[in-house]
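Here are my notes on this one, as numbered points. Have the model open while you read.

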Amino acid sequence: RDEEGRGHVTTSGPLIEVPIEVGLESDGALVIRPMVHSGAAPVRHVLAEITDKFDSSRAEVLAKFHRLAEEADVTGFTPGQPRSYAGMLRTMTMEANPRGNFQGESFNRKIKIKLNQLSVTDDWCVFCRRRPAEVWARDALVLAGKLHLDEAAKAAPEACWSITHGAGIRENCAPKPQPSRQWISSALRSLWSSPVPSSPPPPIALPLPSSAAQRRLASLLLSHKCPAAVVEGPPGTGKTQSIVNVVCAYLSEGKRVLVTSKGAPALSVVRSRMPEAVQGLCVDVSRGEGDGMRMMQRTVERLADRIAGVIGGVQSNKCKFIQDNIQELELEMNHLEAQIREHATECRGIMQSSMGQKFATESLFLLSDAPWLYKTTQNWPLVKTKIFLKRLQTVCPAPDSPIYHVNSNLSVPSGQLISLTSSRGGSKLSLFRDVIGRTASSTPVLGTLTGMAKSRADAEKQASEITVNGKLPSSSKDWELVARALQHDNSMNTIWEEELGHFVENENWPIEDIVDSKEGRRYIKPSFISFVEKVVSTKEMIFTLEKKVLAPIDVGDLEIRRNRIAAQLRSLATDLTEARVVDELSRRFSAEAQSALIRFAQISGKQKFTSSRPASKMTQRHKRHRREYLDAFEKCVGFIPCWVMTTSQICDYVPAEFGLFDLVVIDEASQSDISVLPVLLRGKQWLVVGDGKQVSPSENFVSEAQIESLTAALPSSPFQASFLPGNSFFDLATQAFPMSRVVLTEHYRCAPELIEFCNHQFYHSKLVPLRLPTRFERLAPSLLDIHISDGKKNGKINHRECDTIVSMIQDYISTEKNPRSIGIISFIGEEQSRFIRTLLLDTIGPKAYKEHDILIGEPPTFQGAEKDIIFLSLVCSPGHVPTQNALMYVQRANVALSRARDRMILVRSIGRSHIMNEEDVKIPIIEFFEKATAGSQVSREEDEDENMAIESNNRDSKQSLFSFQKKNN
């Protein structure tokens with residue numbers, strides 16, 4: 001009842017919350033796992049309602065609830081088995097109100113509520129929500145409290161000054177050098193003392209290939225010239241590779257690193273790029289607590305064993321040996337690259353000469369006008385090409401040649417006929433042959449047995465039917481012309497059967513570009529002769545250029561040697577990282593640290609949290625084991641070289657202490673706001689990685705009154721506006737650290753035609769695409785535009801687009817032998833993504849879903865991730881086209897259209913005319929796909945008239961993933 005005794009208040013809510021993680025098993029089952037380290041916690045506002053507000057023992061009751069929750073073994077809680085947690089709820093009911101009523105066995109019963117009586121049931125629910133703001137506030141308050149302690153304040157990161165006081169604060173606060181009082185004696189000593197040359201620092205060993213910008217980043221951080229560095233990288237420009245190289249460089253110096261991001265997909269990409277030896281030094285909790293703890297156990301055991309195996313200076317000698325090998329290989333690499341550069345300079349000079357310009361012009365002409373001829377003849381020797389040209393020239397008469405006046409009506413003239421006409425034309429050799437042939441054929445026995453008599457008769461008959469300008473030949477000159485025409489026909493037939501016919505049939509030579517006919521007589525087209533002449537000319541120039549350029553140096557051998565050395569350097573860099581980590585840790589780890597590692601390895605090996613024991617209140621032994629495990633974990637956390645976890649997980653595993661890590665890396669920082677600052681305060685240096693043109697925080701759900709109130713509460717700062725909601729931490733960092741900002745422009749992810757849209761629309765064509773897919777990676781065409789005319793948007797779901805995408809993936813999976821990763825992006829709402837996910841799991845099953853690493857969601861889900869094939873569903877339909885022209889949608893479009901490595905497929909139900917707002921981001925997307933797929937656009941207007949065929953990307957030239965063909969009626 002209320003305070004005045006009138007009426008009553010009904011309170012409904014959970015007493016206990018247990019943080020969980022949800023996993024997808026290989027059979028498609030959803031597995032719910034309680035998180036051991038978070039444990040159970042009472043819901044304070046519900047407990048405050050049900051306890052008597054005037055009861056003097058209320059604080060004591062709440063304390064008991066907390067103790068009960070802390071002692072609970074959440075790993076034994078199972079929602080489907082209320083008995084696993086009913087005992088704790090029953091105890092809490094009695095502690096809250098002695099007259100309370102606990103109702104168990106929640107199935108098949110109705111809850112009975114009595115006035116003035118507490119009723120507690122064993123019902124349960126699973127729900128998802130954002131991390132409560134109190135978690136960040138509690139973390140921030142702990143760190144803020146430590147600033148009042150002198151020793152703790154000294155450990156605060158230097159980057160904080162730039163965040164709070166402006167970018168130039170470090171220069172303004174830097175102590176100015178004071179003149180030494182001993183300057184006279186110092187000057188005198190310098191007169192006779194020879195300077196000692198300082199040895200240059202060893203080169204930074206980076207295990208992955210790196211650009212000049214990435215090497216500059218590593219140098220900035222490792223030289224400690226800046227407290228924080230900012231990497232601004234558009235999609236696919238090597239941000240992950242930069243992170244991996246910096247992490248490896250820090251680990252190789254025995255330093256500790258924390259890698260974090262708002263979402264787990266970006267972190268999984270980071271860890272997958274790490275060398276295998278480095279992965280063994282990292283604990284990745286982002287994929288789930290269960291996997292993370294198993295990984296931590298392996299990492300701790302590995303570190304403990306490696307440190308125990310270090311003998312004296314052997315490990316240091318090993319590091320020096322590897323470093324010496326790296327330096328030797330780098331010297332050899334520099335020498336090879338100098339030779340290659342020298343050769344390239346010489347080649348450039350030759351190619352800029354008149355012969356080089358002519359070679360380039362004719363080669364480009366062949367590639368554009370006769371690629372089929374270039375492809376076939378590119379490996380022919382020069383001699384073979386010249387012979388081929390000479391044969392062609394014999395069957396290419398001049399346009400006004402008189403042989404076109406001869407009409408023989410014979411496609412293939414016989415040798416007897418050619419000999420006969422030649423003899424009548426006055427050829428002495430042919431006349432001699434004709435006399436012998438006539439004599440032999442007139443001999444009764446010889447002529448009959450050899451068939452010469454019949455051949456002679458046939459030739460005489462055919463000769464009598466030949467005309468010249470419509471008349472029978474009457475002179476030797478006429479017969480000579482007839483003989484020339486017949487010889488042309490015979491040569492044409494021979495070269496067709498021996499060469500040209502084969503090329504037309506098997507090499508796809510266009511017959512209309514090779515052969516023509518005039519007056520019924522076939523001949524080789526002069527334009528084709530011109531093509532072949534250019535082939536001969538280019539081969540002659542290649543022969544000359546090779547003698548000038550390739551004679552003194554074997555470029556192919558140099559490139560092979562260079563690639564081999566580069567692979568050895570990457571391998572040695574990985575070995576050096578692991579060796580240095582072990583060496584530094586063995587020297588820095590105290591006996592207490594090594595004891596903590598060994599203790600955790602022993603306890604985690606024995607501790608088994610399973611559901612095999614009775615689902616009841618945890619026994620005293622289990623309580624003791626769990627306390628031992630958590631205590632060993634807390635002591636061991638500070639000795640793990642590298643942690644990988646999301647920003648929301650850090651407060652569960654890492655204590656709030658200044659400078660706990662030597663470096664904190666935050667990936668995809670454009671997704672995070674100022675609330676990530678407590679995470680960064682745990683690091684002495686920061687590496688902020690992101691792209692201001694990708695998805696960033698939104699202020700849509702924050703009222704202007706709240707923003708004004710927050711602005712009034714904030715202290716004065718040059719970046720005060722960047723602290724407010726709607727601003728990303730990445731934008732704040734670019735303002736605070738302008739001198740240590742590194743911009744990446746080389747694009748490595750997408751095929752060039754796939755990144756063209758983002759490059760032009762968002763980055764002013766500054767990106768340089770460097771990835772050239774191999775023959776086995778390439779999918780042609782790489783862009784597909786699928787327009788569904790009868791698609792209709794109902795709510796936030798377009799069922800026709802969903803069915804089309806699922807059907808295409810189903811057919812692909814049934815035929816493709818080498819699985820490719822697949823992503824499906826819904827441009828509007830999560831509802832379409834959920835529907836496709838359900839439909840796809842029902843269609844292909846969880847096994848294929850996992851094999852193809854399928855990811856489905858809105859653009860923010862894909863930030864930091866990449867897939868081989870991306871489907872983009874616009875969802876909209878005519879009459880149902882919401883306007884998307886705000887910055888948020890532009891950023892989402894940038895993310896969505898930069899995820900595909902090899903193929904991107906747009907599935908839409910609208911055209912350009914259905915979009916009313918000219919600023920809508922969907923307009924340039926549709927126009928880009930229409931232009932890219934002009935001539936090959938797929939229309940799916942009539943399902944019954946279509947047949948979708950999916951071709952495997954095998955080692956033949958069939959490299960298209962999806963091809964759509966009309967059925968033959």
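1. Terms first: helices (H or I, at least four residues) and strands (E, at least two) are DSSP runs, numbered from the N terminus. Counted that way, the chain has 36 helices and 29 strands.

2. Ground rules: this is a predicted model, where local features need pLDDT of at least 70 and side-chain atom pairs count only at pLDDT 80 or more, while totals for chains, interfaces and linings use all residues. Residues are numbered from 1 along each chain as its sequence is written, and side-chain values use heavy atoms, with hydrogens and water left out.

3. The accessible surface is about 50,600 Å², and carbon and sulfur atoms own 53% of that (Shrake-Rupley method, 1.4 Å probe; for residues, only the protein chains shown count as cover). Take contacts (heavy atoms within 4.5 Å) between residues at least 6 apart in sequence: 74% of them join residues at least 24 apart.

4. UniProt, in an unreviewed entry, puts a "coiled-coil region" at residues 319-346. Its positions are in the numbering used here, feature names are shortened, and annotations may be inferred rather than shown by experiment. In the model that span is 100% helix and 0% strand, with its end C-alpha atoms 40 Å apart.

5. Now look at α15, residues 354-369. Its 16 residues reach 22 Å from first C-alpha to last, close to the 22 Å expected at 1.5 Å a residue (1.5 Å times one less than the number of residues). Which residues of α15 are buried? They are Gly 356, Phe 359, Glu 362, Ser 363 and Leu 366. These sit on the same side of α15 because they cover an arc of only 135 degrees around the axis (taken from the directions from the helix axis to the C-beta atoms). Ser 354, Thr 361, Leu 364 and Ser 368, on the other side, are exposed.

6. Strands β12 (residues 515-518) and β13 (residues 521-524) run antiparallel, joined by four bridges (strands pair if DSSP finds at least two bridges between them). Asp 516 has Tyr 523 as its bridge partner. The two strands make a hairpin with two residues between them, and Glu 519 in the turn has a positive phi of about 55 degrees.

7. Last, Val 665 in strand β15 (residues 661-667). Val 665 is buried, at 0% relative accessible area. Leaving out residues up to four places away in sequence, Val 665 touches Ile 243, Val 257, Leu 258, Val 259, Thr 260, Leu 687 and Val 689. Ala 228 is 437 residues away along the chain, yet its C-alpha is 9.8 Å from that of Val 665.

Conventions: Buried means under 20% relative accessible area, exposed over 50%, partly exposed in between (1.4 Å probe, protein chains only).
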